[in-house]
Amino acid sequence: MKVANVENAYRKAKESGWPLSALAKQPWGLRDFRLVDPDGYYVRVSSNHTN
């Protein structure tokens, strides 16, 4: 899932207590994190642009 501001999305997800990975910069240049659902599947949340 792409968002305009991945840092803001990460902060909100962390505040909610939802299981998630650390915010990281990937080799392809985008910063992202993963949300984990109750069944163990994940959704990668990333920015639309590289900062």
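**Exercise 1.** In which helix do Arg 11 and Glu 15 both lie, and how many residues apart are they?

*Solution.* The model under study is a predicted one. Begin with the location: both Arg 11 and Glu 15 belong to helix α1, and a separation of 4 residues places them about one turn of the helix apart. Next, consider their side chains: Arg 11 forms a salt bridge with Glu 15, with 3.2 Å between the closest N and O atoms. Finally, turn to accessibility. Arg 11 is partly exposed at 41% relative accessibility, while Glu 15, at 59%, is exposed.

**Exercise 2.** Determine which strands pair with strand β3, and in which sense.

*Solution.* Strand β3 covers residues 31-36 and is joined to strand β2 (residues 24-25) by 2 bridges, the two strands running antiparallel. Within this pairing, Ala 24 has Asp 32 as its bridge partner. In the hairpin of β2 and β3, 5 residues stand between the strands, and Gly 29 adopts a positive phi near 105°. Strand β3 also pairs with strand β4 (residues 42-47), again in the antiparallel sense, over 5 bridges. Here Phe 33 has Val 45 as its bridge partner. The hairpin of β3 and β4 likewise has 5 residues between the strands, and Gly 40 takes a positive phi near 95°.

**Exercise 3.** Which type of aromatic pair do Tyr 10 and Phe 33 form?

*Solution.* The count of aromatic pairs is 1. The rings of Tyr 10 and Phe 33 lie 5.1 Å apart, centre to centre, with 75° between the planes, and the pair is edge-to-face. Tyr 10 is in helix α1 (residues 6-16) and Phe 33 is in strand β3, so the pair ties together parts that are 23 residues apart in sequence. The cut-off for a buried residue is under 20% relative accessible area. Tyr 10, at 16%, is therefore buried, and so is Phe 33, at 2%.

**Exercise 4.** Describe the salt bridges that involve residues of strand β3.

*Solution.* There are 3 salt bridges in total. In one of them, the side chains of Arg 31 and Glu 7 meet at 2.8 Å, N to O. Because Arg 31 lies in strand β3 and Glu 7 in helix α1, this pair ties together parts 24 residues apart in sequence. In another, Arg 44 meets Asp 32 at 2.9 Å, N to O. Arg 44 lies in strand β4 and Asp 32 in strand β3, so this pair ties together parts 12 residues apart in sequence. Arg 44 is partly exposed at 28%, whereas Asp 32 is buried at 2%.

Technical notes:
Residues numbered from 1 in each chain as written. Predicted model: local features only at pLDDT ≥ 70, side-chain atom pairs only at ≥ 80, totals over all residues. Heavy atoms only, no water. Pairing = 2+ DSSP bridges. Phe/Tyr/Trp six-rings, centres within 6.5 Å; stacked < 30°, edge-to-face > 60°. Buried < 20%, exposed > 50% of the residue type's maximum accessible area, 1.4 Å probe, protein only. Salt bridge = Lys/Arg side-chain N within 4 Å of Asp/Glu carboxyl O.
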